[in-house]
Amino acid sequence: MHQLENPRKDGETTKLKVSKPLNHFPIEILDLADSLKHLDLSGTGLSVLPENFGRLKKLKIAFFSHCHFTVFPKQLASCPELEMVAFRGNQMTTIPEDSLPPRLRWLILTNNRIATLPRSIGRCERLQKCMLAGNQLSSLPDEMAACRKLGLLRLSANRIQELPNWLFDLPELAFLSFAGNPCCPLAATSKDDHDTTPSSFLPEISWADLDVHGILGEGASGIISKGLWSGIDQDHEVAIKLFKGDVTSDGTPADEMEACIRAGSHANLIDPLGKICDHPDREGLVMQLVPTRFKTLGLPPSLQTCTRDRFSQEIRLATRQGLRILQGVAAAASHLHDRGVAHGDLYAHNILYSEEDGHALLGDLGAASIYHTNLDHENVERLEVLAFAHLIEDVWSVTNPGLDEHELRIAMQLAALHRKCSGPVGSRRPGFGEIYRQLSTMLQR
């Protein structure tokens, strides 16, 4: 990306990032109106935009995260091509009516102080991804039911009393998080009398009994390291996750930890082994160390794909491998929903698989939500089944089926299952238990 100090004057600057602190909007940016498509002013401290900001007629992406915008700038509505807007961590309180861009597809408002959404959000017919975690919302406007393209919605860590019924009627909504709201039950470690779902108890593991080695990876909610746990009888190689403590785009680390505890152990989950105690300043979990033979199935969505994963060109699966991956994920999802846990992020990039036999492990509960199975089970589960329909499509896209009669029959059966899982009416989709049974039958033939 070009820096402000040296923008090109030949009409070809399409991306611009400014990193230095700003007291006001650099008016020379408007001279790039004929070409600028991607503007990143995050961390500059800006709080207002000029009235003629709409001169940037070709602008598609605008980032203003970690600035000082307390009011969503109405000037963005005058940008006809603007599709992606980010105001993460601005202490924003207000979004005026008619301030959202008309072609908006991706809206990031994580970690602000927003109490209400404008009714005019219902006119954002192209909206696909909406990140609202860490605000002060107590409800959603009914007009939002018109956002029929919405595929991913993050509502965690707000003040929402009840999820509206129309939310489960949105035909493309597949990824939903709502942990940390009054509409959720008590924490997994302190269930109420009406919650009869099975739960798990995690032992406490002293930080002094852990020896941290190299970092395995880092996500929005924390850092995962390889380590050694000095147990009573022997040492164990483990994965150690220390949470950062901040609100992420999916929710809070505390809610992720509670979901891990409620989820418990399963052959197709990355099992938690214990909760870290007496760490000087962090919460954390000790988890199963995944063998090195397991590989990540997909790549996260890009700015272009928005809500859908991408895949390396090197990944090619045999039919049986693909079926085994789908069967394992369905088993894990069925287990989670039986325990009142919605994964919320059922993507290929959160799945590890063994190239040897296709055994799958579903990980990353950062967007998971605990819910009352006796009240919301069917709606919440059937919504997540649509995410599984996307996974069927994705897995099949990287599968090389044979041309014999058996493999062609499997392809037809899988296509039929995909149609059932992707139907626009959530109540007509099968549950994960039925999906698992159908996939198991395909594997037995």
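**Core, sheet and helix packing**

Me: Is I435 buried or exposed in this structure?
Reply: I435 has a relative accessible area of 0%. With a 1.4 Å probe and protein chains only, under 20% counts as buried, over 50% as exposed, and values in between as partly exposed. The model is predicted, with local features needing pLDDT of at least 70 and side-chain atom pairs pLDDT 80 or more, whereas totals for chains, interfaces and linings use all residues. Residues are numbered from 1 along each chain as its sequence is written, side-chain values use heavy atoms without hydrogens or water, and I435 is therefore classed as buried.

Me: Which helix holds I435, and which residues does I435 touch?
Reply: Helices are DSSP runs of H or I with at least four residues, and strands are runs of E with at least two, numbered from the N terminus; I435 lies in α5 (residues 432–444). Contact means heavy atoms within 4.5 Å. Leaving out residues up to four places away in sequence, I435 touches A330, V385, F388, L417, C421 and P430.

Me: What separates the C-alpha atoms of I435 and L326?
Reply: Along the chain, I435 and L326 are 109 residues apart.

Me: Which residues touch the most other members of the largest nonpolar core?
Reply: A nonpolar core is a set of buried Ala, Val, Leu, Ile, Met, Phe, Trp, Tyr and Cys residues joined through side-chain atoms within 4.5 Å. The largest one contains 63 residues. The members touching the most others are L297, F388, L391, I435 and L439.

Me: Are α2 and α4 roughly parallel or roughly antiparallel?
Reply: The axes of α2 (residues 319–338) and α4 (residues 405–421) come within 11 Å and cross at roughly 30 degrees. Axes are lines fitted to C-alpha atoms, for helices over the stretch in contact, with angles from 0 to 180 degrees between N-to-C directions. Angles under 35 degrees count as roughly parallel, over 145 as roughly antiparallel, 65 to 115 as roughly perpendicular and the rest as oblique. The two helices are therefore roughly parallel.

Me: Which residue of β18 is the bridge partner of I351?
Reply: Two strands pair if DSSP finds at least two bridges between them. Strand β17 (residues 351–354) and β18 run antiparallel, joined by 3 bridges. In β18, the partner of I351 is L362.
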